[in-house]
Amino acid sequence: MQEDRTLMASNHTKMKIPHVLTVAGSDSGAGAGIQADLKACAARGVYCSTVITAVTAQNTVGVQGVNIVPEDFVAEQLKSVLSDMQVDVVKTGMLPSLGIISVLNQCLKEFPVRALVVDPVMVSTSGDVLAGPSILAELREELLHMADIITPNLKEASALLGGQQLETVSDMRAAAKLLHEMGPRNVLVKGGHLPDSSDAIDIFFDGQDFYELRSSRIKTRNTHGTGCSLASCIAAELAKGSGMLPAVKVAKRYVETALDYSKDIVIGNGPQGPFDHLLRLKSSVKSSCRQVGFNPSDLLLYAVTDSRMNQKWSRSITDAVKAAIEGGATIVQLRMTNSLLHLIAFMIGVVVLQIDHYNAHIGSLNITIPKRRKTMPSPGMEMSFKKASRLISLKCFINFPPVLICAVEWEKDAETREFLEAAKACLEICHSHGIPLLINDRIDIALACDADGVHVGQSDMPASVARTFLGPEKIIGVSCKTPEQAHQAWIDGADYIGCGGVFPTNTKANNLTVGLDGLKTVCEASKLPVVAIGGIGAANARAVMEIGAFNLRGVAVVSALFDRECILTETRKFHALLKEAASM
Ligand SMILES: Cc1ncc(COP(=O)(O)OP(=O)(O)O)c(N)n1
Ligand SMILES: Cc1nc(C(=O)O)sc1CCOP(=O)(O)O
Ligand SMILES: [Mg+2]
């Protein structure tokens, strides 16, 4: 009985992971070959096992040496993987000897897989020969007929066709047709090196139809390994269950995006650099300007922005953030409040529909605003107001679609775009001063602009889920009013908690206050550093900092900085005060 239960439990958690086996050469510079294949598969969320056919000494200058792995040992590697692991797709790269092609052919017969992607690697991007002409006949006879797709570039296609010159798109079409006659089910001739073309044009032929796939040619030296990565990405998409043409399209878009992202990174001194498969290097370079990760002392003077206060004082969000940083703010949170259109949508909703309590039903979406909800209209409303106005807009949409659909839909996009643009601009300012920028509520915005983290409340996305999206290094703060919430924030993987409202505030409507005693209770229960928030200004900040909690690391303020004539002066004064209080 016990045994049965264990079995059931383990069956329940079993999960088949899409799996690509790459059979290719190692590139010591890690731009191409096995290393590129591993990274491309990882980027596409697919497991990748490896059979190494050759070890190359290689960098951004070129290939300095090649050591071919004996075919018996390639066979041993193939058997090890194929006999044990459930491989979906095999992708081949550098196959430098007749014997290796032959053992691969044997193994694929013995252990059939769902698809075979053959990238007929012959010459490296630096022009060095990786597999000589002697292997061409073997490749044609032993492998091409087994392939679901082959992905030659112009030089490789030309070599496979006995040296035929390929200079135009119509040459590429003709070549794709001839290569298809050699047996592969699909052919992708890559025209990346086609002269006089501003686009990267590839020809895909499935035996019936030709497809001209275009992507913009990215001006960059960092193109080493694009062929390997494209083929690996096709293999990865096939392993996930995609059809051939969609897999090719996704792979092309992936490579184009990665090249564009990596166009300015500098690795090595040679003419052909690698690119960043995981689209991460650039941001770590940027964030390396400031200390990576969370530093609790950053909480000392936590400036939370407010767009309506900026409107009131006729200043831009960037000017406000700049002034706060120059005055001594140690961390900034971008908290966007409602635009005018939300207000209009909301008013229409209230006036026209005159509802206390309603349900909006759209497909499977059921939304209810309870009667006399505490967070209904009030001039100080922020997110709850926004949420309510959205729901009412939805109701209006149902009742008066022609009137409201355009306005509401347009507004929704505009708001997100506005938020993202503000976030990008503020991030630049913050990072140029080594100050972290957090985004209030919106994990999507934080991801899109690569902000340093987010602050979420009890009704926002749970911190544990935010963590899975943002990864281990980003900063996550959670609003907590009780010891239980503080405990949960710690379990969920937050970095700090915001505790408030300590005092009443006009900035956030209907906000329950916890007072200094409540703050102290939460601090004592919290395993995380705490920042106090709500109604804190120059007059009471010292009292807050002196409650005697070692993990209270600072105060978060909105109006005390931003609802003032001169942000710089106020922030300077506040910073000096906090420094003094913290040193006591
Ligand atoms: C530092 C800090 N603490 C608390 C909050 C409030 O967050 P939340 O409860 O989600 O309310 P909104 O700010 O989203 O209206 C905060 N923003 N920052
Ligand atoms: C954004 C926010 N959150 C609060 C909470 O209690 O969680 S109080 C608050 C507003 C703080 O503004 P001010 O510094 O102007 O009082
Ligand atoms: Mg929130």
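A nonpolar core is a set of buried Ala, Val, Leu, Ile, Met, Phe, Trp, Tyr and Cys residues joined through C-beta atoms within 7 Å. Keep that in mind as you explore this predicted model.

**Stop 1: the cores.** Select Val20, Leu104, Ile234 and Ala235: in the largest nonpolar core, which has 76 residues, these four touch the most other members. Now color helix H8, residues 226-239, which gives this core its largest share, nine residues. Next, click on Ala235. Leaving aside residues up to four places away in sequence, Ala235 touches Val20, Val89, Lys91 and Val117. Then look for a second, separate core of 74 residues; among its members are Val321, Val332, Leu438 and Ala541.

**Stop 2: ligand 1.** Which residues are closest to ligand 1? Select Gly457, Ser479, Gly498, Ile533 and Ala556 to see them, out of 19 residues that surround this ligand. To follow the elements behind this shell, highlight strands S10 (301-304), S16 (475-480), S17 and S18 (530-533), each giving two or more residues. If you color the shell around ligand 1 by residue type, you will find six nonpolar, eight polar and five charged residues.

**Stop 3: ligand 2.** Move on to ligand 2, which has 17 residues around it.

Notes:
Residues are numbered from 1 along each chain as its sequence is written. Chains are lettered from A and ligands numbered from 1 in the order in which they are written. This is a predicted model: local features need pLDDT of at least 70, side-chain atom pairs count only at pLDDT 80 or more; totals for chains, interfaces and linings use all residues. A residue is near a molecule or strand if its C-beta atom, placed from the backbone, lies within 6 Å of it. Helices (H or I, at least four residues) and strands (E, at least two) are DSSP runs, numbered from the N terminus. Ala, Val, Leu, Ile, Met, Phe, Trp, Tyr, Cys and Pro count as nonpolar, Asp, Glu, Lys and Arg as charged, and the others, Gly among them, as polar. A residue is buried if 20 or more other C-beta atoms lie within 10 Å of its own, exposed if 12 or fewer, and partly exposed in between; C-beta atoms are placed from the backbone. Two residues are in contact if their C-beta atoms, placed from the backbone, lie within 7 Å.
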